[in-house]
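Work through these exercises with the model open. Each task is followed by a solution in steps.

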Amino acid sequence: MILTSEQYRLLSSYIGYGVVNKPLICFFGNESGCAPMKIDDYLPMFFKNLETMKNNTLDDIYDLPVSSIFLQFIARLMLAIEHKDEKWFGELTGPGKAFINNYIMTRFSKEDTCVFNLRPLPRPTERVWPYENINEKEYYKNWNFLTKTSRSDEFKDLRMNIFKEKFAQLNETLIIGVGDKENKKAFFEKIYDCEFTQFSNFYYNSQHKIILSNYFDFKHGIKLTGLQTLYRFIKSNQLV
């Protein structure tokens, strides 16, 4: 896949989707996924979708994949908050799984949540690099905030300015960073000049209501036990 400069600029200007006007929670991921589609099939459809973009976001997005572990974890957390019930962190029956799927397909991003992503380029998975004319290593260096000399370019500057504006508008919203938490910690420290405390395996900043988590994943992330810990912290601190 070869991206034109105009396409790269468009992707850089799009930061996420959902209820961006004072959502209950903003989930801050790494980048958009497109699995199980191939990037050559996905991007034309995605660019068409971006024609409806307003203020760098989409109010809604076409069919979200119920197979996404990331979305399943978010659905479990939001349903636990809504119902004040920790059963969503256990093994689910058929009807329970159907409830999760229904939440993703019909309610997710339509009622009280939004999703932003740090990096601009969609991929099937983080193990796949489909862009022939963009250097993968340079791309990652641009979005690595842990180095003292974090790189920059016009596309990153564009996206960073949008983030600063959007996060400033979410001053009452709980922000949950998901995955690559050390890099996201450095990202927010750069934006806000703030400090984080640690609880369990999470980072927290009370001034800006930011929680930073490892990946939402059953095997290599926080697992359901970690998601339950996150829920209990949110509940005990009355963050939503």
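**Exercise 1. Find which residues of helix 3 and helix 4 meet, and work out how the two helices are oriented.**

Solution. This is a predicted model.
- Step 1: list the helix 3 side. Leu-71, Gln-72, Ala-75, Arg-76, Met-78, Leu-79, Glu-82 and His-83 take part.
- Step 2: list the helix 4 side. Here the partners are Phe-99, Ile-100, Tyr-103, Ile-104 and Arg-107.
- Step 3: sort the contact residues by class. Eight are nonpolar, two polar and three charged.
- Step 4: take the geometry. Helix 4 covers residues 94-107, and its axis lies 9 Å from that of helix 3. The packing angle is about 95°.
- Step 5: classify the angle. Values of 65 to 115 degrees count as roughly perpendicular, so helix 3 and helix 4 are roughly perpendicular to each other.

**Exercise 2. Repeat the analysis for helix 6 and helix 7.**

Solution. 
- Step 1: locate the pair. Helix 6 spans residues 154-169 and helix 7 spans residues 181-192.
- Step 2: take the geometry. The angle is about 75° and the axes are 11 Å apart.
- Step 3: classify. Helix 6 is therefore roughly perpendicular to helix 7.
- Step 4: name the contact. Helix 6 supplies Met-160, Phe-163, Lys-164, Phe-167 and Ala-168. Helix 7 supplies Phe-187, Phe-188, Lys-190, Ile-191 and Tyr-192.
- Step 5: sort by class. This contact has eight nonpolar residues, no polar ones and two charged.

**Exercise 3. Describe the largest pocket and its lining.**

Solution. 
- Step 1: size it. The volume is about 1,200 Å³.
- Step 2: count the lining. There are 35 residues, and Glu-31, Gly-33, Ser-68, Phe-70 and Pro-124 lie nearest the centre of the pocket.
- Step 3: find the elements. Helix 2 (39-49), helix 3 (69-83) and strand 4 (113-117) each give two or more residues to the lining.
- Step 4: sort by class. The lining has 21 nonpolar, eight polar and six charged residues.

Key:
Residues are numbered from 1 along each chain as its sequence is written. This is a predicted model: local features need pLDDT of at least 70, side-chain atom pairs count only at pLDDT 80 or more; totals for chains, interfaces and linings use all residues. Side-chain values use heavy atoms; hydrogens and water are left out. On a 1 Å grid over the protein atoms alone, a cavity is a set of points where a 1.4 Å probe fits but cannot get out, and a pocket is an open set with protein on both sides within 12 Å along at least five of seven lines; lining residues have an atom within 4 Å of a point. Grid points are joined across faces, edges and corners, and a volume is the space filled by probe spheres set on the points. Helices (H or I, at least four residues) and strands (E, at least two) are DSSP runs, numbered from the N terminus. Ala, Val, Leu, Ile, Met, Phe, Trp, Tyr, Cys and Pro count as nonpolar, Asp, Glu, Lys and Arg as charged, and the others, Gly among them, as polar. Axes are lines fitted to C-alpha atoms, for helices over the stretch in contact, and angles run from 0 to 180 degrees between N-to-C directions. Angles under 35 degrees count as roughly parallel, over 145 as roughly antiparallel, 65 to 115 as roughly perpendicular and the rest as oblique. Contact means heavy atoms within 4.5 Å.
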